Amino acid sequence: MEARPPARTEMPAPQYVMAADGTRIATYVWGDDDAPTVLCVHGFASSCRDNWVDTGMVRDLTAAGFRVVGVDQRGHGASGTPHEASAYRMSKFVGDLITVLDTYLLDGVRYLGYSLGGRVGWQLAVQAPEHVSRAVLGGIPDGRPLARLQIDQARAYADHGTPVDDPVTRNYVALAERVQGNDLRALIALAEGMRLGDADPDPADPPRQPVLFATGTEDAIIEQSRGLAQATPTGTFVEVPGRHHFNTPGSRVFRQAATEFLAAG
């Protein structure tokens, strides 16, 4: 009888990589060193554990014969949490991943990103195509959802406990506080930094690698995600039934589609 994968993946101790600006980036590794590698990159206010371990994604990928390298993006998890908006330009996020890949001596990895991790993956695939052979970009919009966050209200809440009136900002604060250990001031700085002009996926300059776009049917950005897939020469799109933006990564449909797509190349 074929052995079943373990029900829960253990979280290893982080191994740190130093980014160019001195920010520590936490990385995690599962699987055989000689297996093909999937680089897993989480979304805003999440972490490697939250998006990929607790959802069963790492379990599924290792069971499929992959080595998984996961990261906590700057401002998240066990990584450094600078409080300056300039530390969160898209170029910083992309540079962090290139440093991780160079440190692990990895070239054309398979890429799995969700939400913010999907946006960073788009830019990595476009700007450093030699590093990405194919990619799954989940929950990726074509605009700036964090632009709707009222920075002043969020900062007043973080600094003084002032109640947040704006409902969108209130939702983002609740999201940020959902994961234990999140640094709210760092995430506010991230939201501010992502407005500095280099974060948007450009449909006129898409990745050339095979890309699977996957978005929940209850996610407000689904049509924008579909549009990015249509703009990508080798893009395909899958709907994740009954899922919204925050629970899509745990869907069996999402996990199966991602695993099969990454195994195809």
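In the predicted model, Trp 30 is in contact with residues from several parts of the chain: Thr 9, Glu 10, Met 11, Pro 12, Cys 48, Val 53, Val 58, Thr 62, Phe 66, Arg 67, Val 68 and Gly 70, when residues up to four places away in sequence are not counted. Trp 30 itself belongs to strand β2, which covers residues 24-30. With a relative accessible area of 9%, Trp 30 falls under the 20% limit and is therefore classed as buried.

Aromatic pairing was examined next. Five aromatic pairs were counted. In the pair of Tyr 114 and Phe 254, the ring centres lie 6.0 Å apart and the planes meet at 90°, so the arrangement is edge-to-face. Because Tyr 114 is located in strand β5 (residues 109-114) and Phe 254 in helix α9 (residues 252-263), this pair ties together parts of the chain that are 140 residues apart in sequence. Both Tyr 114 and Phe 254 are buried.

Aromatic rings also take part in arrangements with arginine side chains. The charged end of Arg 24 is placed over the ring of Tyr 16, at 3.8 Å from the ring centre. Arg 134 lies over the face of Phe 261, where the distance to the ring centre is 4.6 Å.

Terms used
Residues numbered from 1 in each chain as written. Predicted model: local features only at pLDDT ≥ 70, side-chain atom pairs only at ≥ 80, totals over all residues. Heavy atoms only, no water. Phe/Tyr/Trp six-rings, centres within 6.5 Å; stacked < 30°, edge-to-face > 60°. Helix = DSSP H or I, 4+ residues; strand = E, 2+ residues; numbered from the N terminus. Buried < 20%, exposed > 50% of the residue type's maximum accessible area, 1.4 Å probe, protein only. Lys NZ or Arg CZ within 6 Å of the ring centre and 35° of its normal. Contact = heavy atoms within 4.5 Å.
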